[in-house]
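Hi,

Here is the structure I promised to pass on.

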Amino acid sequence: MTHPGMVLAIEDLTVSFDGFKAIDALNLYIDKGELRVVIGPNGAGKTTLLDLICGKTRASAGRIRFNDLELTKLPEHQIVRAGIGRKFQTPSIYENLNVFENLEVSFPRGRGVFGALAFKCTDDVRQRVHQVAEEIGLVDALQTEAGLLSHGQKQWLEIGMLLMQDPELLMLDEPIAGMSVRERELTADLLRRICQNRSMIVIEHDMDFVKAIAHKVTVMHQGKILAEGSMEKVQADPKVIDVYLGH
Ligand code: ADP
Ligand code: MG
(Lines give C-alpha, C1' and ligand atoms only; values in the text may rest on other atoms or scores of the structure.)
(Ligands and ions follow the chains in the order given, each with its own letter.)
Protein backbone atom coordinates (compact mmCIF):
# COMPACT_ATOMS: atom_id res chain seq x y z
CA MET A 1 0.00 0.00 0.00
CA THR A 2 2.95 2.38 0.42
CA HIS A 3 4.66 4.30 -2.39
CA PRO A 4 7.73 6.57 -2.68
CA GLY A 5 5.87 9.93 -2.46
CA MET A 6 4.49 8.97 0.93
CA VAL A 7 5.69 10.58 4.16
CA LEU A 8 3.46 8.77 6.68
CA ALA A 9 2.02 5.26 6.52
CA ILE A 10 -0.21 4.11 9.37
CA GLU A 11 -1.38 0.51 9.32
CA ASP A 12 -3.65 -1.51 11.63
CA LEU A 13 -3.22 1.12 14.32
CA THR A 14 -5.16 0.28 17.46
CA VAL A 15 -5.26 1.71 20.95
CA SER A 16 -7.48 0.42 23.76
CA PHE A 17 -8.32 2.30 26.92
CA ASP A 18 -9.69 -0.27 29.39
CA GLY A 19 -10.95 -2.45 26.55
CA PHE A 20 -12.49 0.46 24.62
CA LYS A 21 -10.85 0.90 21.21
CA ALA A 22 -10.42 4.65 20.71
CA ILE A 23 -8.50 3.84 17.49
CA ASP A 24 -9.52 0.60 15.82
CA ALA A 25 -7.31 -1.03 13.12
CA LEU A 26 -6.88 2.28 11.30
CA ASN A 27 -4.95 2.73 8.05
CA LEU A 28 -3.94 6.22 6.93
CA TYR A 29 -1.45 7.35 4.28
CA ILE A 30 -0.18 10.90 3.86
CA ASP A 31 1.82 12.11 0.86
CA LYS A 32 4.70 14.55 0.84
CA GLY A 33 3.37 18.10 0.54
CA GLU A 34 -0.18 16.99 1.31
CA LEU A 35 -2.56 18.92 3.57
CA ARG A 36 -4.99 16.36 4.99
CA VAL A 37 -7.94 17.43 7.10
CA VAL A 38 -9.44 14.97 9.59
CA ILE A 39 -13.06 15.55 10.59
CA GLY A 40 -15.61 13.58 12.57
CA PRO A 41 -17.92 13.77 15.57
CA ASN A 42 -16.63 14.38 19.09
CA GLY A 43 -15.07 11.24 20.51
CA ALA A 44 -14.27 9.83 17.05
CA GLY A 45 -10.60 9.46 18.01
CA LYS A 46 -9.10 12.39 16.08
CA THR A 47 -7.01 13.80 18.93
CA THR A 48 -5.99 10.29 20.00
CA LEU A 49 -4.69 9.67 16.48
CA LEU A 50 -2.37 12.70 16.76
CA ASP A 51 -1.37 11.58 20.28
CA LEU A 52 -0.28 8.22 18.82
CA ILE A 53 1.70 9.77 15.96
CA CYS A 54 3.60 12.16 18.24
CA GLY A 55 4.27 9.45 20.85
CA LYS A 56 2.19 10.96 23.66
CA THR A 57 0.05 7.80 23.69
CA ARG A 58 1.39 4.29 22.99
CA ALA A 59 -0.32 2.07 20.42
CA SER A 60 -1.73 -1.28 21.53
CA ALA A 61 -1.06 -2.64 18.02
CA GLY A 62 -0.11 -1.54 14.54
CA ARG A 63 2.57 0.51 12.83
CA ILE A 64 3.28 4.18 12.16
CA ARG A 65 6.01 4.65 9.57
CA PHE A 66 7.40 8.13 8.99
CA ASN A 67 9.68 7.96 5.95
CA ASP A 68 11.87 4.99 6.92
CA LEU A 69 11.37 5.32 10.65
CA GLU A 70 8.99 3.22 12.78
CA LEU A 71 7.52 5.63 15.37
CA THR A 72 5.47 3.38 17.65
CA LYS A 73 8.41 2.56 19.93
CA LEU A 74 10.18 5.95 19.85
CA PRO A 75 10.08 8.45 22.71
CA GLU A 76 8.36 11.80 22.03
CA HIS A 77 11.54 13.88 21.77
CA GLN A 78 12.97 11.58 19.10
CA ILE A 79 9.76 11.87 17.11
CA VAL A 80 10.08 15.67 17.27
CA ARG A 81 13.72 15.42 16.20
CA ALA A 82 12.74 13.16 13.29
CA GLY A 83 10.66 16.06 11.94
CA ILE A 84 7.15 15.92 13.38
CA GLY A 85 5.64 18.99 15.04
CA ARG A 86 2.32 18.95 16.85
CA LYS A 87 0.14 21.78 18.09
CA PHE A 88 -2.33 21.06 20.87
CA GLN A 89 -5.74 22.69 21.24
CA THR A 90 -4.63 25.15 23.92
CA PRO A 91 -1.69 27.39 22.98
CA SER A 92 1.50 26.92 24.97
CA ILE A 93 3.42 30.12 24.36
CA TYR A 94 5.50 32.05 26.89
CA GLU A 95 3.13 34.93 27.72
CA ASN A 96 5.80 37.05 29.40
CA LEU A 97 8.30 36.81 26.55
CA ASN A 98 7.91 38.84 23.36
CA VAL A 99 7.22 37.33 19.96
CA PHE A 100 10.89 37.40 18.94
CA GLU A 101 11.94 35.59 22.11
CA ASN A 102 9.18 32.98 21.80
CA LEU A 103 10.42 32.12 18.31
CA GLU A 104 14.07 32.30 19.35
CA VAL A 105 13.69 29.77 22.18
CA SER A 106 12.02 27.38 19.75
CA PHE A 107 15.03 27.25 17.45
CA PRO A 108 16.42 23.71 17.57
CA ARG A 109 19.87 23.80 19.14
CA GLY A 110 22.62 21.27 19.49
CA ARG A 111 22.60 19.24 22.64
CA GLY A 112 26.08 20.22 23.81
CA VAL A 113 27.32 19.89 27.38
CA PHE A 114 26.24 23.46 28.12
CA GLY A 115 22.77 23.07 26.59
CA ALA A 116 20.79 26.28 26.61
CA LEU A 117 23.60 28.19 28.38
CA ALA A 118 25.88 27.88 25.38
CA PHE A 119 23.16 29.21 23.13
CA LYS A 120 23.80 32.58 21.43
CA CYS A 121 21.42 34.55 19.28
CA THR A 122 23.44 34.23 16.10
CA ASP A 123 22.60 35.80 12.75
CA ASP A 124 21.29 32.43 11.59
CA VAL A 125 18.77 32.34 14.39
CA ARG A 126 17.79 35.99 13.88
CA GLN A 127 17.30 35.38 10.19
CA ARG A 128 15.16 32.31 10.82
CA VAL A 129 13.05 34.20 13.39
CA HIS A 130 12.35 36.95 10.84
CA GLN A 131 11.54 34.44 8.13
CA VAL A 132 9.03 32.65 10.37
CA ALA A 133 7.56 35.92 11.70
CA GLU A 134 6.97 36.89 8.08
CA GLU A 135 5.25 33.57 7.39
CA ILE A 136 2.90 33.86 10.37
CA GLY A 137 2.16 37.56 9.80
CA LEU A 138 3.72 38.76 13.06
CA VAL A 139 6.74 40.65 11.74
CA ASP A 140 5.37 43.96 13.04
CA ALA A 141 4.74 42.43 16.46
CA LEU A 142 8.21 40.96 17.12
CA GLN A 143 8.74 43.16 20.18
CA THR A 144 5.21 42.69 21.53
CA GLU A 145 4.82 40.68 24.71
CA ALA A 146 3.05 37.45 23.73
CA GLY A 147 0.47 37.83 26.50
CA LEU A 148 -0.79 40.99 24.78
CA LEU A 149 -1.49 39.32 21.43
CA SER A 150 -5.03 38.56 20.24
CA HIS A 151 -6.27 34.98 20.54
CA GLY A 152 -5.65 34.43 16.82
CA GLN A 153 -2.14 35.90 16.95
CA LYS A 154 -1.29 33.58 19.85
CA GLN A 155 -2.33 30.60 17.74
CA TRP A 156 -0.18 31.82 14.85
CA LEU A 157 2.76 32.36 17.19
CA GLU A 158 2.50 28.80 18.37
CA ILE A 159 2.43 27.59 14.78
CA GLY A 160 5.52 29.76 14.23
CA MET A 161 7.26 28.14 17.19
CA LEU A 162 6.71 24.78 15.53
CA LEU A 163 7.91 26.14 12.17
CA MET A 164 11.22 27.16 13.78
CA GLN A 165 12.06 23.44 13.77
CA ASP A 166 11.10 23.20 10.10
CA PRO A 167 9.07 20.01 10.62
CA GLU A 168 8.44 17.75 7.64
CA LEU A 169 5.05 16.84 9.11
CA LEU A 170 3.03 19.41 11.05
CA MET A 171 -0.13 18.40 12.95
CA LEU A 172 -2.68 20.94 14.20
CA ASP A 173 -5.63 20.13 16.45
CA GLU A 174 -8.54 22.55 15.90
CA PRO A 175 -6.34 25.58 15.11
CA ILE A 176 -9.19 28.05 14.46
CA ALA A 177 -11.31 27.37 17.54
CA GLY A 178 -12.31 30.73 19.03
CA MET A 179 -11.02 32.79 16.11
CA SER A 180 -12.86 35.65 14.42
CA VAL A 181 -14.00 35.28 10.79
CA ARG A 182 -11.08 37.42 9.60
CA GLU A 183 -8.59 35.41 11.66
CA ARG A 184 -9.99 32.21 10.16
CA GLU A 185 -9.40 33.51 6.65
CA LEU A 186 -5.87 34.55 7.51
CA THR A 187 -5.22 31.14 9.07
CA ALA A 188 -6.41 29.40 5.89
CA ASP A 189 -3.93 31.55 3.91
CA LEU A 190 -1.21 30.73 6.41
CA LEU A 191 -1.77 26.98 6.25
CA ARG A 192 -1.82 27.01 2.45
CA ARG A 193 1.51 28.85 2.47
CA ILE A 194 3.27 26.64 4.99
CA CYS A 195 2.17 23.33 3.47
CA GLN A 196 4.10 24.14 0.30
CA ASN A 197 7.22 22.47 1.66
CA ARG A 198 5.84 20.06 4.24
CA SER A 199 2.94 17.70 4.92
CA MET A 200 0.18 18.60 7.34
CA ILE A 201 -2.62 16.91 9.25
CA VAL A 202 -5.26 19.35 10.48
CA ILE A 203 -8.25 18.45 12.65
CA GLU A 204 -11.13 20.87 12.15
CA HIS A 205 -14.90 21.20 12.40
CA ASP A 206 -15.59 24.36 10.40
CA MET A 207 -16.63 23.15 6.93
CA ASP A 208 -15.89 26.44 5.14
CA PHE A 209 -12.40 26.33 6.57
CA VAL A 210 -11.96 22.67 5.66
CA LYS A 211 -13.05 23.43 2.11
CA ALA A 212 -10.56 26.29 1.90
CA ILE A 213 -7.52 24.25 2.91
CA ALA A 214 -8.00 20.49 2.41
CA HIS A 215 -6.31 18.55 -0.35
CA LYS A 216 -8.15 15.48 0.89
CA VAL A 217 -10.50 14.83 3.81
CA THR A 218 -10.60 11.83 6.15
CA VAL A 219 -13.78 11.31 8.14
CA MET A 220 -13.35 9.38 11.39
CA HIS A 221 -16.05 7.69 13.41
CA GLN A 222 -15.63 5.38 16.42
CA GLY A 223 -11.90 5.02 15.91
CA LYS A 224 -12.23 3.99 12.27
CA ILE A 225 -12.21 5.72 8.92
CA LEU A 226 -15.74 6.26 7.68
CA ALA A 227 -14.88 7.97 4.39
CA GLU A 228 -11.94 9.52 2.62
CA GLY A 229 -11.39 11.61 -0.50
CA SER A 230 -12.14 15.04 -1.89
CA MET A 231 -14.32 17.43 0.10
CA GLU A 232 -17.08 17.02 -2.53
CA LYS A 233 -16.92 13.24 -2.30
CA VAL A 234 -17.11 12.98 1.50
CA GLN A 235 -19.77 15.71 1.74
CA ALA A 236 -22.01 13.72 -0.59
CA ASP A 237 -21.43 10.41 1.23
CA PRO A 238 -24.68 9.29 2.95
CA LYS A 239 -22.69 7.64 5.80
CA VAL A 240 -20.93 10.93 6.51
CA ILE A 241 -24.16 12.94 6.38
CA ASP A 242 -25.74 10.42 8.73
CA VAL A 243 -23.11 10.42 11.49
CA TYR A 244 -21.66 13.91 11.16
CA LEU A 245 -22.70 16.53 8.63
CA GLY A 246 -26.43 15.95 9.11
CA HIS A 247 -26.31 17.36 12.65
P1 ADP B 1 -11.93 13.47 19.26
O2 ADP B 1 -10.68 14.24 19.28
O3 ADP B 1 -12.28 12.90 17.93
O4 ADP B 1 -13.10 14.27 19.80
P5 ADP B 1 -10.62 11.81 21.22
O6 ADP B 1 -9.49 11.24 20.46
O7 ADP B 1 -10.33 12.92 22.15
O8 ADP B 1 -11.80 12.21 20.22
O9 ADP B 1 -11.31 10.65 22.08
C10 ADP B 1 -11.73 9.42 21.52
C11 ADP B 1 -12.26 8.54 22.62
O12 ADP B 1 -11.19 8.04 23.40
C13 ADP B 1 -13.20 9.26 23.58
O14 ADP B 1 -14.24 8.38 23.92
C15 ADP B 1 -12.31 9.55 24.75
O16 ADP B 1 -13.06 9.64 25.94
C17 ADP B 1 -11.37 8.37 24.76
N18 ADP B 1 -10.03 8.69 25.31
C19 ADP B 1 -9.13 9.53 24.76
N20 ADP B 1 -7.99 9.55 25.48
C21 ADP B 1 -8.19 8.70 26.51
C22 ADP B 1 -7.38 8.27 27.62
N23 ADP B 1 -6.14 8.72 27.80
N24 ADP B 1 -7.92 7.37 28.49
C25 ADP B 1 -9.18 6.92 28.31
N26 ADP B 1 -9.98 7.25 27.30
C27 ADP B 1 -9.49 8.15 26.41
MG1 MG C 1 -10.23 16.26 19.81
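First, a term you'll need: a polar contact is a pair of N or O atoms within 3.5 Å; within protein, one must be able to donate a hydrogen and the other to accept it, and residues adjacent in sequence count only if both atoms are side-chain atoms. With that in hand, look at T47: an N or O atom in its side chain is 2.9 Å from an oxygen atom of ligand 1.

Some housekeeping. This is a predicted model, where local features need pLDDT of at least 70 and side-chain atom pairs count only at pLDDT 80 or more, while totals for chains, interfaces and linings use all residues. Residues are numbered from 1 along each chain as its sequence is written, chains are lettered from A and ligands numbered from 1 in the order in which they are written, and side-chain values use heavy atoms, with hydrogens and water left out.

Now, back to the ligand. The side chain of T48 also has an N or O atom 2.6 Å from an oxygen of ligand 1, and a polar backbone atom of A44 is 3.2 Å from a ligand oxygen. On its own, ligand 1 exposes 560 Å², and the protein buries 58% of that (accessible areas come from the Shrake-Rupley method with a 1.4 Å probe).

Which residues are around ligand 1? They are F17, F20, A22, P41, N42, G43, A44, G45, K46, T47 and T48 (a residue is near a molecule if one of its heavy atoms lies within 4 Å of it). By class, this shell has five nonpolar, five polar and one charged residues; here Ala, Val, Leu, Ile, Met, Phe, Trp, Tyr, Cys and Pro count as nonpolar, Asp, Glu, Lys and Arg as charged, and the others, Gly among them, as polar. Helix α1 gives the most to the shell, with three residues. Helices (H or I, at least four residues) and strands (E, at least two) are DSSP runs, numbered from the N terminus.

On to the sheets. Four strands make an open, antiparallel sheet in the order β2-β1-β4-β5; two strands pair if DSSP finds at least two bridges between them. β2 and β5 (69-70) stand at the edges with a single partner strand each, so one side of each has no neighbour in the sheet. β1 (residues 6-17) and β2 pair over eight bridges, with M6 opposite D31 and L8 opposite I30. These two strands form a hairpin with two residues between them, and D18 in the turn has a positive phi of about 50°. β1 is also joined to β4 by five bridges, and A9 has R65 as its bridge partner there.

α1 lies across β1, β2 and β4 (61-66), at about 115° to β1. Contact means heavy atoms within 4.5 Å; axes are lines fitted to C-alpha atoms, for helices over the stretch in contact, and angles run from 0 to 180 degrees between N-to-C directions.

There is also an open sheet of six strands, β6-β7-β8-β3-β9-β10, with mixed pairing. Its edge strands are β6 (84-87) and β10 (224-229), each pairing on one side only. Within it, β3 (residues 35-39) and β8 (residues 199-203) run parallel, joined by four bridges, and R36 has I201 in β8 as its bridge partner. Helix α6 (residues 181-194) lies across β3, β7 (169-173) and β8, at about 150° to β8.

Cheers
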